[in-house]
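Please read this briefing alongside the sequence and the coordinates. The points are grouped by topic.

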Amino acid sequence: MIRLFAAALSVASAMAISQTGQAPAKPAPGQPPRVNADALTSVQFTKRIEDYVALHKKLEATLPPRPEHATPQQVDAHAKALSRLIAEARPRAKQGDMLPPDTRAYLRRQIGRGLSGPDAAGIRQSIREDNPGKVRLEVNGRYPDGVPLTTMPAPVLAELPRLPEDVEYRFIADRLILLDVHAQLVVDFMDAAIPK
Amino acid sequence: MRRVRHRHGLALTVCLISAWLVVDGTATVGPAAAQAPAQQPLPLTLPNKPDSLKFGVIGDFGTGKREQYLLGAQMARVREQFPFTLMLTVGDNLYGGNGPKDFLNKFEKPYKALLDGGVKFYASLGNHDSRQQSAYEPFNMGGRTYYTFKAPKQSVRFFALESSYLDPQQLQWLERELDNSRDDWKIPYFHHPLYSSGGRHGSDLPKRKALEPMFLKHGVSVVFAGHDHLYERVTPQQGIVHFVVGSSGQLRKGNVDKETGFTDAVNALEQAFLAVEIDGDEMYFNAVSRTGKVIDSGLIARPKRK
């Protein structure tokens, strides 16, 4: 009974959001919130990522298929062509499109959870270790050649929303970037992602 | 009862170095180097049995510098005596860039003799490696950043992991694959070491916490890693022997933490790779330096089958 009620509330909330494009109003004092705000934020974020990956796949399908035994030149040319197509298909993409304020706040909280507990110092150290520090980043830009990739610790990844295999989370300095690994393209990034 | 027996300890036999052709003081070494005539045999201590699995391990190698080429030539020389067919890489396959010229100068040229001789490389990725490398055919990754494959001989299965990105999907995949494997030897290899006396990086404790319980649960006996630019064999940890083979390119000489208390052998003075032979329940290994010395050797015995 309780589950049915909760499910009904979720559906109602989703309908309200789909109609207005905004989260439902705050509940009256003393009333429980109608939705789990983080779950909703996570679902919306995942949907944006799925839309991005659908675009990636659609554009990749327009390219000549990469040969099974591709040379380094062919691998490189394919990645650059895909990157160019994606950038052209989202010319007005800017920082925060995939990671609006509510998503950033949510991801920051999740990262903080992954960095908590008795192993926190070691986990932070593993992020710092190969971190290249400040690097100039642009949405739709190429992940800089020769810049090493930081470790994304397992406890942090376990707290973050799951991504399709075409996209990865990575830290650069204290930024979190969404990296299209096949196009080597920065999809979006957020500042101050690692709580102090 | 797993054990490591030291057959020769540090067998420091000096070998003659062939005449290297170095062009412009850069990394170019002439093809004659790998075919230098009238060399003494290398002092390998591997049994070299006809039906054994023979393979090598290199790591942190893709510098394109002279030392990488010298070790590459030495690897070809080892193969003349010990015909290994596979080469595992524990990451940092290409430093500085991952463009077509990098693949050529930091991989295809230094290991040309091995590639021409039919040695199959099976790469894992390090923090300096673009994910694009997974599509590079000579790395045999099949487009995946983590994968598993069965060795062509003996009861051996390898697991190449992407240790900078141990997300739940990869960990679940690894658990499943280790569980499914009926092979006697389950050998994971990846970049970041769970145990290392390297002064620069050292042991990666969060990764140890994520991976070691799985390795113990599924009967892993040996692990290969890199990242720290040295060669190290770690005292068995809960029965597992950990090798750090980050020694195949640019070294950090003397960058060894002597206080870890778990080192059985370490060398940060000379580039080296590992030559390995598995025959039944026994694994023999020789760490061979770029000047042809065997800097470490031994035998790892896994539990006998019932």
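Predicted model: local features only at pLDDT ≥ 70, side-chain atom pairs only at ≥ 80, totals over all residues.

**Ile127(A) and its surroundings**

- Beyond its neighbours within four places in sequence, Ile127(A) is in contact with Thr150(A), Thr151(A), Pro153(A), Phe171(A) and Ile194(A).
- Glu68(A) is 59 residues from Ile127(A) along the chain, and the C-alpha atoms of these two residues are separated by 35 Å.

**Helices α2(A) and α4(A)**

- Helix α2 (residues 37-60) of chain A packs with helix α4 (residues 101-114) of chain A at an angle of about 115°, their axes being 10 Å apart.
- The two helices are therefore roughly perpendicular to each other, and the crossing of α2(A) and α4(A) is left-handed.
- From α2(A), Asp38(A), Thr41(A), Ser42(A) and Phe45(A) meet Asp102(A), Thr103(A) and Tyr106(A) of α4(A), a contact that by class comprises two nonpolar, three polar and two charged residues.

**Contact between chains A and B**

- Contact between the chains involves 28 residues of chain A and 27 residues of chain B.
- On the side of chain A that touches chain B, the elements giving two or more residues are α3 (72-89), α5 (120-129) and α6 (154-159), of which α3(A) gives the most, with five residues.
- By class, that side of chain A has 14 nonpolar, seven polar and seven charged residues.

How values were computed
Residues numbered from 1 in each chain as written. Chains lettered and ligands numbered in written order. Axes fitted to C-alpha atoms, helices over the stretch in contact; angles between N-to-C directions. Helix = DSSP H or I, 4+ residues; strand = E, 2+ residues; numbered from the N terminus. Parallel < 35°, antiparallel > 145°, perpendicular 65-115°, else oblique. Left-handed = near helix turned anticlockwise from the far one by under 90°. Contact = placed C-beta atoms within 7 Å. Nonpolar A, V, L, I, M, F, W, Y, C, P; charged D, E, K, R; others polar.
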